[in-house]
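Student: I have a model open and want to know what its labels rest on. Can we take them one by one?

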Amino acid sequence: MSSTVESLVNKEYKYGFVTDIESDVAPKGLNEDIVRLISMKKQEPAWLLEWRLKALRGWQKMSEPHHWPNITYTPVDYQSISYYSAPRTKTPLGSIDDVDPKLLDAYTKLGIPLREQKLLAGVAVDAIFDSVSVGTTYKAKLAEQGIIFCSFGEAVREHPELVQKYLGSVVPLSDNFFAALNAAVFSDGSFVYVPKGVKCPMDLSTYFRINTAETGQFERTLIIADEGASVSYLEGCTAPKRDENQLHAAVVELVALEGATIKYSTVQNWYAGDEEGRGGIFNFVTKRGKAAANAKISWTQVETGSAITWKYPSVLLQGDNSVGEFYSVAVVNGRQQADTGTKMIHMGKNTRSTIVSKGISAGRGQNSYRGQVKVLPKAEGARNYTQCDSMLIGNRCGAHTFPYIEVQNSSSSTEHEASTSKIGEDQIFYLKQRGLNTENAISIIVNGFCKEVFKELPMEFAVEAQKLLGVSLEGSVG
Amino acid sequence: MTEPFVQEFEARAGTATADGPEWLEPIRQAAMERFARSGFPTARDEEWRFTPIGPIVQGSWRAASGTSGELGREQLDSFIFGHPDWTTLVFVNGVFHDALSSVGPLPGGVRVASLAEALRSDGASIECHLARHAPVDGSPFTALNTALMREGGVVLVGAGVDLDMPVHLLQVSTAEAAGTVAHPRNLIVVERGARASVIESYVTLAPGRSYWTNPVTEVAVAAGAWLEHTRIQRESEAAFHVGLTQVDQARDSHYRSFSFAMGGALARHNLHVRLNDENIESLMYGLYLTRGEQVVDNHTAIYHDRPNCRSWEVYKGILDGRSRAVFNGKVFVQPEAQKTDAKQTNRNLLLSDGARVDTKPQLEIFADDVKCTHGATVGRLDDLARFYARSRGLSTSAAERLLTYAFAAEVAGEVALVPVREELDRLVFERLGSR
């Protein structure tokens with residue numbers, strides 16, 4: 001058994017290739033000049049530059065949150081990172097066919113052939129390479145219904161009124177250390193606007209990739225679903241293998257106006273570092289949604305990558321009868337550390353939230369669920385259900401649960417349940433005597449453990465997530 | 001804010017009336033240094049985030065100094081569970097009161113004495129326990145207690161002794177306690193194979209007075225020993241109470257704790273239990289009743305360091321008025337602690353709209369072959385149950401009282417000592433009846 005374990009644990013990171021493309025990289029370090037440079041490169045309006053500078057000044061006064069998250073890492077030297085890296089292009093891109101073929105190859109390796117997808121999958125993709133959006137598929141078709149799906153940079157140019165109205169309205173620029181950093185230096189991201197009453201006819205998707213060494217990726221996503229609109233958004237991430245750590249500090253803001261629905265799904269498979277914990281992505285992400293009356297925001301995440309994950313997709317349930325959901329599978333293996341969970345802030349009456357978190361720890365991984373359920377005095381009849389289950393594989397890993405439940409209203413009801421267990425030997429035995437080998441048996445059990453979350457994922461992601469889980473875990477059981 | 005305490009410490013160190021044996025001096029000194037260095041915790045300190053200790057920090061407190069007035073035994077009648085025959089050590093405003101105390105005939109190998117007395121005559125037998133279990137690094141309040149402790153109860157139960165009657169350590173505050181702070185220090189040692197039941201009470205004869213009690217109780221349960229530890233906190237509703245109970249358990253031992261709290265403007269109790277060897281059982285029950293503007297905070301931590309141990313924890317709260325309850329329960333399971341079975345539950349019942357609960361059940365698990373669960377709920381009485389009770393002819397208020405009582409009885413019923421259980425029932429009913 002142990003030899004299988006080794007061979008599988010040592011399985012190489014499949015997405016660890018580097019694409020040799022000339023990049024336009026900003027000098028290392030962070031100061032007002034860099035922010036001005038980014039803003040200038042992106043030909044941004046003055047108000048946005050001002051906003052960035054304000055964020056930078058705020059950030060300079062903040063300190064990195066080291067005391068409360070259950071993660072340890074050597075402090076990041078923010079002056080040795082390059083804050084802008086763009087694939088060098090000669091002329092502005094007219095259509096997707098003008099994109100550098102090497103880039104498109106890179107995406108093909110990742111399993112998202114843009115053109116094929118356009119034809120077959122029916123998923124509109126906005127691909128972010130390092131920090132710049134390289135092309136958006138299916139744009140024309142979406143435009144027919146008034147849906148805007150473009151890179152953030154383009155949105156700033158084409159729809160400044162929308163961007164200016166909603167940017168920072170959910171995650172204020174001084175929200176936290178990483179969000180402030182992002183606000184100062186974000187280089188691109190995705191922007192979605194779904195007009196009143198429109199149901200987006202297809203899933204929208206972004207693929208992130210960090211390619212250049214010593215760069216950080218700071219994308220910013222803003223999704224607005226106007227009254228009664230609905231949209232499902234998918235996000236996936238990979239990065240090449242490198243010895244040094246790379247920083248990913250993204251911000252995602254969701255605005256669900258009255259009666260709107262936003263479903264946001266993530267499959268995060270950033271490079272996790274090698275078995276000794278060298279390299280890997282520091283994934284410090286702020287994700288938050290704001291739900292107006294009768295609106296619904298649903299986060300689903302499958303976190304299998306990154307050396308460190310620090311991420312709490314949250315919902316501010318402001319409107320009456322609004323609904324928040326959080327479904328998460330977080331897997332740590334090797335020396336990965338994850339401190340992830342959610343915040344559900346109940347402000348409106350009869351607001352409801354559901355949290356289902358499945359944590360799997362293997363190898364020397366440390367997995368923490370950290371969640372907050374807050375019911376404010378005016379949230380009459382609020383309801384929360386939380387379930388967080390952990391599974392440990394081996395005794396060198398850890399599973400931790402830090403739920404904060406703060407209730408200030410007697411008519412509300414909150415429930416929290418958590419359990420920790422190991423894979424049942426009897427279950428493995430049963431499956432083996434039905435003819436399955438150990439690896440497949442474990443895969444079936446783990447997938448069963450995560451089923452409640454996977455069923456929330458859109459089809460194509462669910463398949464990918466199950467495979468990823470297999471890759472992340474196979475062989476870690478002895 | 002630490003200055004007055006440092007001065008008090010130095011003033012006392014200079015006097016001829018030594019506070020204890022020589023070995024204790026460096027411990028006190030280190031504790032005082034530790035407190036002076038760290039000061040009081042702040043809201044930035046995760047452990048103290050939800051505990052509003054502002055009034056303690058900003059207050060100016062004189063050292064509690066007993067009582068000058070006459071106090072009769074009949075005044076304590078309502079606190080002794082109808083059992084004047086139980087061995088009871090009475091402390092009035094932090095000072096041992098010999099006349100009110102009674103030490104009944106005890107079996108051989110059992111020693112019950114005040115701390116000051118024990119330090120004078122049994123120094124050697126408590127040297128290996130006193131201040132060895134509760135680390136001063138754990139909290140500034142513990143450090144302060146260790147530096148300034150003077151009085152408290154010492155209960156030593158020798159190997160193999162079955163102590164059939166409970167021992168009661170009763171801390172009483174009177175009107176003269178206003179504006180003072182006491183640092184009671186208790187030590188309970190149950191040796192190999194022994195069996196005992198100890199009650200620790202904090203009560204008041206002056207319900208409206210504001211004072212501060214800062215107790216620390218160290219408990220050592222040796223191999224195969226059995227201890228029931230009942231803690232009753234009925235301080236003045238204007239008082240402050242920040243206490244620690246630190247327990248060390250050895251192989252095959254059984255510890256059963258019940259923590260009851262209904263007093264204090266701010267009352268916090270930390271219960272830390274270390275399971276240092278295999279096959280240990282720990283049961284922790286808690287019940288808190290709050291009203292008005294009270295804040296009651298329970299922090300528990302269970303350290304599963306070794307395999308094959310069981311811990312079971314149920315804390316329940318009933319909140320009224322604009323009161324607030326805080327619960328934080330930690331379960332640590334070390335890599336070695338395979339086959340751990342740990343269960344933790346915190347349930348809160350809100351009787352009014354202004355009441356508020358902050359609960360944080362927390363698991364930190366490093367071993368895989370374990371069964372660990374926790375659950376927390378916050379809510380009000382079940383409408384269906386209320387309707388059912390009404391349909392059986394009960395008035396709304398009687399139905400609510402009955403259901404609330406039933407909610408409390410689930411934990412109160414776990415107290416093994418019948419007279420204590422009956423007294424708790426009475427207190428719960430009285431509180432519900434006064435609504």
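Student: Where in chain B is confidence lowest, and where highest?

Tutor: Helix 1 (residues 3–14) of chain B is lowest, at a mean of 82, and strand 11 (residues 216–221) of chain B is highest, at 98. These are pLDDT values, the predictor's confidence in each residue, from 0 to 100. The mean for chain B is 92, and 99% of its residues reach 70 or more. This is a predicted model: local features need pLDDT of at least 70, side-chain atom pairs count only at 80 or more, and totals for chains, interfaces and linings use all residues. Residues are numbered from 1 along each chain as its sequence is written, while chains are lettered from A and ligands numbered from 1 in the order in which they are written.

Student: What does the predictor give the complex?

Tutor: An ipTM of 0.80 and a pTM of 0.84.

Student: What makes helix 9 of chain A mostly covered?

Tutor: Eight of its nine residues, 177–185, are buried. A residue is buried if 20 or more other C-beta atoms lie within 10 Å of its own, exposed if 12 or fewer, and partly exposed in between, with C-beta atoms placed from the backbone. F178(A), L181(A) and V185(A) are among those that pass. The cover includes helix 2 (32–41) and strand 13 (280–291) of chain A. Helices (H or I, at least four residues) and strands (E, at least two) are DSSP runs, numbered from the N terminus.

Student: How do you know that strand 23 of chain A and strand 21 of chain B pair?

Tutor: Two strands pair if DSSP finds at least two bridges between them. Strand 23 (residues 398–407) of chain A and strand 21 of chain B have six, in the antiparallel sense, so they count as a pair. H400(A) stands opposite E364(B) in strand 21 of chain B.

Student: How many residues does each chain bring to the contact?

Tutor: Chain B brings 33 and chain A 31. Contact means C-beta atoms, placed from the backbone, within 7 Å.

Student: Which strand of chain B gives the most to the side that touches chain A?

Tutor: Strand 21 of chain B, with ten residues.

Student: Why is the crossing of helix 2 and helix 6 of chain B called left-handed?

Tutor: A crossing is left-handed if the near helix is turned anticlockwise from the far one by less than a right angle, and right-handed if clockwise. Helix 2 of chain B passes helix 6 of chain B in the left-handed way. Their axes come within 8 Å and cross at roughly 140 degrees. Axes are lines fitted to C-alpha atoms, for helices over the stretch in contact, and angles run from 0 to 180 degrees between N-to-C directions.

Notes:
Contact = placed C-beta atoms within 7 Å.
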